Amino acid sequence: METLTALIIDDELKGRNLLNELVKRYCPEVRVLDLAASATEGIAAIRQHKPDFVFLDINMPEINGFQMLEMLGEVAFEIVFVTAYNEFAVKAYKYSAFDYLLKPVDPDELRATIGRLQSKKRSNNLQERFSLLMRTLEEPKKLPSKITISASDGIMVLNIPEIVYLEADGPYTTFFLQSGEKFVSSHNLKEYEDILAEQGFFRSHHSFLINLDHIKKYLKSDGYVLMSNGHQAEVSKRKKEEFLKKLEQF
Amino acid sequence: MTYTEMLPYFMGMMSMMMLYMALQYMFLRDKAYLYYKFYIACWILFFFFRETDFYNWVGDDTRLSWFVFVFHRIGFPMLSYVFYFWFGKSFLDLPRTFPHIWRIFRIAQIVILTYIGFIIIIALWFAEVDRTPWYETLHTLMRVLTAVVSIYGIRKVYQGGEMVGKYFVTGSLLLLIFGMLAMLLTFFGNTDSDDVAWKIPLFYMHVGVVLEILCFSLGLSYKNKLTEVQKFSMEQALLSEREQREIEQLKIALEKQELNRQMTNLRMRALRSQMNPHFLFNSLNAIQECIITNQTDAAVMYLAKFSRLVRLILENSDKPTIPLSKEIDTLRLYLDVEALRFAHSFHYDLTINTQLDPSLINIPPMLVQPYAENAIWHGLLNKKGERQLNITFSSDEDSLYVSIEDNGIGRKKSAEFESPAKKNKTSMGMKLTNERLNIINELSEDQALAEVEDLIDSSGTPMGTRVNLTLPLL
C-alpha cells in the first residue's frame with residue numbers, strides 16, 4: 001500500500017493531538033510529517049515538507065483555513081477540510097469534490113477518506129476545484145453551475161445542466177451525461193442528492209437521481225421515465241406521487 | 001257650487017288632514033306632525049267660528065262672546081303663526097340649519113303671544129275692541145309684522161336650497177299668494193256666501209290653505225323618507241364601523257400572536273446561539289481527544305461538565321426568565337468547558353457584586369453567554385500572552401449590570417481578521433442576542449441595553465473590550 005504523507009493544521013492543541021492519534025491508530029499507511037498550530041505555521045510547514053495532503057481546520061483565529069489557502073497561491077496537495085459545523089462549507093466541499101471530516105471524527109469516515117486519497121490521481125484539477133470552492137463559499141445563496149467529481153481515472157469538472165441522471169452503484173455513483181459519456185464517482189448517491197436537489201434533480205428511486213430538465217417522457221404503467229439520452233430511469237412507487245407533483249410544477 | 005255648499009267639504013278635508021297628521025305623529029313621533037296638527041286645528045277653528053253663528057251658543061254681548069270673538073279673529077290666526085314657526089323649527093331643524101331664522105321666529109312668537117294676551121285682557125275687562133280704529137291699526141300692524149317675518153324666513157330657507165326647504169317655501173308661498181289674492185278680492189266686497197264659490201274672496205284663502213297643506217304633507221313624507229334613508233345609511237356606517245373595529249381587534253390579536261411567535265422563535269434561536277454547534281462539536285472533539293490520548297479522568301470530568309451545561313441550557317431555554325444564580329451557573333460551566341478546550345490558555349473571573357440574592361433576581365436566560373463567547377473568540381484567542389476575562393455582576397434598585405471585560409486585541413483589530421465567510425457565522429450569536437434585547441424592550445417598559453466600550457491605555461493602545469449590559473430587574 002502506498003504511503004501518504006500528511007500535515008495537520010489546527011489551532012486547537014486537542015484538535016491536532018486527536019487527529020494525529022486517530023491517524024496513527026486507524027490509518028497506518030499515512031505518515032504525519034508535522035503539526036501546525038496556526039495558518040502561518042501551516043504555510044511554512046507545507047513549503048518545507050511538501051506533503052501529499054493536509055488536514056486543515058477551517059475555524060482558526062486570525063487566519064482561517066480558506067484564507068490560508070488563498071495566501072498559499074498554488075496548491076499542489078490534496079486537502080481534507082476539518083470542521084465542526086458549517087453547512088455552507090460542507091456544501092461547497094461537495095460541489096468541488098474536496099474531502100472533509102466532521103468533528104468529532106468518525107474513524108470509518110477517516111479511513112474512507114484516506115482510501116479515496118490513495119486511489120486519486122495526484123492533485124487533479126486542483127486550481128479549478130479550488131476556485132469553484134471559493135466561489136461557492138463566497139456566494140452561498142447562488143447555485144453553482146459546475147460540480148466536481150472524483151472519478152476513478154481522475155477528477156472531473158462537470159456542467160450541472162449537462163448531467164442527465166445519476167445512478168447508484170454500490171458505494172459509487174455513475175454520472176450519465178448528455179454527450180453519452182459516463183463517469184463513476186467514488187462518493188455515494190446520497191451525497192449528490194444533498195447538493196443537487198436544489199438544482200432541479202429528483203431522487204426518483206433508491207438508485208436514481210434524475211435531472212428533471214432531461215425528462216422526455218413518463219411511462220406511467222411501467223414506472224419508468226425516459227430520459228433525453230434514451231435511457232430509462234426507474235420511478236419507485238413510493239416516489240410516484242411526489243414525482244408527478246414535481247412534473248406539474250415544471 | 002256656492003261658497004256655503006263648499007264649506008263643509010273644505011272643513012271635512014281639513015279635519016281628515018288633521019287626523020292624518022295626528023296618526024302620523026303617533027307612529028313616527030316627529031314633532032313636525034304634532035305642530036302641523038295644531039296648525040291645521042287653528043285653521044279649522046278659525047273657519048268654524050267664522051262661518052258659524054257662535055253667538056247663538058255663548059250669548060250675545062256677553063264677556064264669553066267677546067272672548068270667543070277676539071279669540072277667533074285674533075287668537076287662531078295668530079296662534080297658527082306660532083305653530084307654523086314651531087312646525088318650521090321641527091320640519092327644517094331650524095336651530096341647527098338656520099339659527100338666525102329661529103331666533104327671529106321666537107321673538108315674533110313672544111310678540112304674538114303678548115299681543116293675543118293683551119287683546120283678550122282689553123276685550124274682557126276694559127274696552128270694546130271690535131271694529132275700533134286703534135284695534136284695526138294694531139291688528140293690521142301685527143299681520144304685516146307676521147307676514148314680514150314669514151317672508152323673511154321663506155326667503156332665507158329658499159336661499160338655503162335644500163329639498164325639504166323647497167316644500168316648505170312652496171307651501172308657504174302658495175298660502176301667501178292666495179291669501180293676498182283673497183285680501184285683494186275683499187276690496188271688491190263680494191261677501192255673499194251664497195254666490196258661486198270662486199267669486200268669494202275666502203274661497204281663495206281655502207285654496208291657499210289646501211295647497212299649503214298639500215305641500216307640507218308632501219314635504220313631511222319626503223323628509224320622512226329622507227330620515228329613513230339617513231337612518232339606513234347610519235346603520236350601515238355603524239355596521240361598517242363595527243366591522244372595522246372587529247378587524248382592528250383581529251389585527252391586534254394577530255400582532256400579539258406574531259410577537260409571541262417571534263418570541264418563541266427567538267427563544268429557539270437563543271437556544272441555538274448558546275448551543276452554538278461549533279461549540280458543541282468542538283467540545284465533543286476535545287473529549288474525543290482526551291479519550292484517545294488515555295486521559296480518562298479529564299475525559300470523564302469534561303464530559304460531566306459538558307452534560308451539565310447542555311442540561312442547564314435546555315432547561316433554561318423554554319423559560320422567559322430564570323434566577324440569576326442559574327444564569328451564573330450556566331456561564332461558569334460554559335467558561336470551564338471553553339477553558340478546558342483551549343487547554344487553560346485563558347483565565348476568567350466571575351465576580352458577583354450585588355447585595356441582592358442571586359437566586360431571587362430573575363433575568364431572561366442566556367443573555368450574558370454570547371457576550372462572553374464573543375470576548376473569547378474575538379478578543380482573547382487572537383491575542384498572544386496573558387488572556388483574561390472578567391465578568392462582574394452588580395445591581396441597583398431596578399437594574400442588573402453585567403460587565404464583560406476582556407484584555408484582548410480590541411474591536412478594531414479583531415475586525416481586520418474577519419473574512420466575509422467568517423463573519424457570517426461568528427456574528428450570528430451577537431445578532432440574535434441583539435434581537436432578543438429588542439424584543440425584551442418591546443415587551444416591557446424597562447430598557448435592556450448593551451453598550452460596547454473600547455478600552456485603551458494612556459498612550460491610546462487598545463487594551464481590550466468591555467460590554468456593559470443593563471437588564472431591567474423583573
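Of the contacts in chain A with a separation of 6 or more, 57% join residues 24 or more positions apart, a contact being heavy atoms within 4.5 Å. The model is predicted, with local features requiring pLDDT of at least 70 and side-chain atom pairs pLDDT 80 or more, while totals for chains, interfaces and linings use all residues. Residues are numbered from 1 along each chain as its sequence is written, chains are lettered from A in the order written, and side-chain values use heavy atoms, without hydrogens and water.

Chain A has eight helices and 15 strands, taken as DSSP runs (H or I, at least four residues; E, at least two) numbered from the N terminus. Of its 250 residues, 54% are buried, that is, under 20% relative accessible area with a 1.4 Å probe, protein chains only.

At the interface, 23 residues of chain A are in contact with 27 residues of chain B. The buried area is about 2,500 Å², with carbon and sulfur atoms giving 55%; this is the accessible area (1.4 Å probe) that the two parts lose on being put together, summed over both. A:Lys14, A:Asn59 and A:Glu62 supply 30% of what chain A buries against chain B, more than any other three residues.

The rule finds two salt bridges across this interface, each needing a side-chain nitrogen of Lys or Arg within 4 Å of a carboxyl oxygen of Asp or Glu. A:Lys14 meets B:Glu289 in a salt bridge at 3.4 Å, N to O. Helix α1 (residues 13-26) of chain A gives nine residues, the largest share of the side that touches chain B.

Note on methods
Buried means under 20% relative accessible area, exposed over 50%, partly exposed in between (1.4 Å probe, protein chains only).
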